[in-house]
Amino acid sequence: MAEGSKDQGGTGVAEPEEDSPNMIVYRKMEDIVTRIQDEKAGGVAIRTVKSFLSKIPSVVSGADIVQWLMKNLSIEDPAEAIHLGSLIAAHGYIFPISDHVLTLKDDGTHYRFQSQYFWPSNCWEPENTDYAIYLCKRTMQNKARLELADYEAENLARLQRAFARKWEFIFMQAEAQVKIDRKKDKAERKILDSQERAFWDVHRPVPGCVNTTEMDIRKCRREKNPHRVKKSVYGVPDDGQSQPSPIHISSQPSRKPTKEDVQKEITFLNIQLDRHCMKVSKVADSLMTYTEQFMEYDPFVSGVEPSNPWISDDTTFWDMEASRDPSQQRVKKWGFSLEEALKDPAGRDQFLKFLESEFSSENLRFWLAVQDLKRRPLQEVSTRAQEIWQEFLAEGAPSSINLDSHSYERTSQNLKDPGRYSYEDAQEHIFKLMKSDSYARFLRSNIYQDLLSARKKGKSLTGKAPDRPYAVILTQPVLESHNQTLLVGLTATQGPGSGDANSGAGVHRAAVEGLGHPASRSAAVLLLQCWAYQAEPPKQNHCGRDDAYKKILS
């Protein structure tokens, strides 16, 4: 048999070797089970038991099995016989008909013998698709004894998510098997259902029970033969568990894993267990919400005023975004998250102003100091790191911050060899503290609410009227046939009516003079239109709106 197995190794299917450790154990167990079932040779009587409303076919009691083991195997201690019987049951050769836990009890509990088709000596390695078909089939059978246990229902839901794309195929397989089972005799169907359930109790046991098919010598031996083809209970291949192509199999002999390798694997598996998994639908909803929220801030999706600097040479938009006088859009964006508020210079200033009113500004000042440390030249990092420690974390520090013991110890340990990221743990802790506590109060505070309402009304943080885009109008391409861009001699950034009469007059004068030049006529017309409709006439009475209209019409 061993030679036959070696010959078949090249075909991709490896039959179990009779002299392997597992097969020796299986054969001994099967010999005992065969003797117990042989009534002519003094085995246990298999009988049909009458219950209240039905009959239970082909069962034996646990006490009968224990008595047989003591008598025929020369066992004097009942506990030893129960232990041996439990080992046989754990491998699925015998099983209780009303319990998923495969143990032997010395009482009147009814047990049934497993079919030889499901014996572990057949080297079953059932796929998850087989288990999904079995659970799905159980849900279709309207029998109280076939209802799914809690752990089975959880497994079914998990498999349904894993095999979402092929679930219709799995459901059809289960439906077809149910139709075949209904044609069988009632007593035979009861026996087959219980044997199938016991098979899965071995390979997918109740949580907390020992899985006798997991991490045993048989699996270790199979790892050395990557070409082995797994056997499917229902003949359905599992696409997710397909074997790799021989082309991609390393020709180098695999070395024996060391203790460090095993520890690394355990650490990796623990990390995978702790990973937060989300449904694709929830991820898609979150992505759509984020996109809708930030759509108006994307210059390529929504138009920006005064012009898009990514497709033109005008950088006024970037200057406005970096200014300390934010627009309504910028103030509204501060409410999206603390990250957005801290990205904006004006947002940082307003948040710091709020924290100062609550006497907790040291948190933000520490966070900003650490951010600055990350951008410092390397030769300055060590000195600056010590200065931050003395200011915020040292005993009796003038701006002491509140850190948990873990972050404090990690930070103090990092400062023995200071670097740009020595305060990473402390900074993360302080950021979470501000995000969960101070930031929520900032959004509800009068500082933010008054600023948001003021920007809606068009008021400036400095109390002045917002800048008018005259310079922008004058820098737009005009007379495209000549491919020239006109910039009229305009230095004032504020329009007429802003409180500066001279600058308003300068804008008006520049526009009127521009009408006399063919190359500047278009830009000057645009400027006069803006001035005539949106602004008050300059105090120096060069001309009023009527004069502006006359100039435009002429």
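Strand β2 and strand β4 (residues 110-113) run antiparallel and are joined by two bridges. The model is predicted: local features require pLDDT of at least 70 and side-chain atom pairs pLDDT 80 or more, whereas totals for chains, interfaces and linings use all residues. Residues are numbered from 1 along each chain as its sequence is written, and side-chain values use heavy atoms, with hydrogens and water left out.

**Exercise 1. Strand pairing**

Determine which strands pair with β2 and state how far β2 is enclosed by the rest of the structure.

Step 1. Two strands are taken to pair if DSSP finds at least two bridges between them. Strands (E, at least two residues) and helices (H or I, at least four) are DSSP runs numbered from the N terminus.

Step 2. The pairing of β2 with β4 rests on two bridges. Within this pairing, serine 61 has histidine 110 of β4 as its bridge partner.

Step 3. Strand β1 (residues 47-50) is antiparallel to β2 and joined to it by three bridges. Lysine 50 is placed opposite lysine 55 of β2, and the two strands form a hairpin with four residues between them.

Step 4. Burial is then assigned: buried means under 20% relative accessible area, exposed over 50%, and partly exposed in between (1.4 Å probe, protein chains only). Strand β2 (residues 55-61) is largely enclosed by the rest of the structure, because five of its seven residues are buried.

**Exercise 2. Positive phi angles**

Describe the setting of serine 58 and of phenylalanine 359, each of which has a positive phi although it is not a glycine.

Step 1. Serine 58 has a phi of about 55°. Its place is in strand β2, and its relative accessible area of 29% makes it partly exposed.

Step 2. Phenylalanine 359 has a phi of about 60°. It belongs to the loop between α15 (345-357) and α16, where phenylalanine 359 is exposed at a relative accessible area of 74%.

**Exercise 3. Salt bridges**

How many salt bridges does the structure hold, and which parts does the pair of glutamate 296 and lysine 332 tie together?

Step 1. The criterion is a side-chain nitrogen of Lys or Arg within 4 Å of a carboxyl oxygen of Asp or Glu. The structure holds 21 salt bridges.

Step 2. Glutamate 296 and lysine 332 form a salt bridge at 3.2 Å, N to O. Glutamate 296 is in the loop between α11 and α12 and lysine 332 in helix α13 (residues 328-333), so the pair ties together parts 36 residues apart in sequence. Glutamate 296 is partly exposed at 30%, and lysine 332 is likewise partly exposed, at 40% relative accessibility.

Step 3. A salt bridge of 3.3 Å, N to O, is made by the side chains of lysine 374 and glutamate 424. Because lysine 374 lies in helix α16 (residues 361-374) and glutamate 424 in helix α19 (residues 424-444), this pair ties together parts that are 50 residues apart in sequence. Lysine 374 is partly exposed at 21% relative accessibility, as is glutamate 424 at 33%.

Step 4. In the salt bridge of arginine 441 with aspartate 437, the closest N and O atoms are 2.4 Å apart. These residues are four apart in helix α19, so about one helical turn separates them. The relative accessible area is 27% for arginine 441, which counts as partly exposed, and 37% for aspartate 437, also partly exposed.

Step 5. A network of salt bridges links Lys137, Asp181, Lys184 and Glu196.

**Exercise 4. The nonpolar surface patch**

Which residues make the nonpolar surface patch, and where does tryptophan 310 lie?

Step 1. Patches consist of residues with over 30% relative accessible area and no salt bridge; like charges are joined within 9 Å, and nonpolar side chains (Val, Leu, Ile, Met, Phe, Trp, Tyr) within 5 Å. Accessible areas come from the Shrake-Rupley method with a 1.4 Å probe, and for residues only the protein chains shown count as cover.

Step 2. Met295, Phe300, Val301, Trp310, Ile311 and Trp318 make a nonpolar patch of about 680 Å².

Step 3. Tryptophan 310 is located in the loop between α11 (280-294) and α12 (316-322). With a relative accessible area of 45%, tryptophan 310 is partly exposed.
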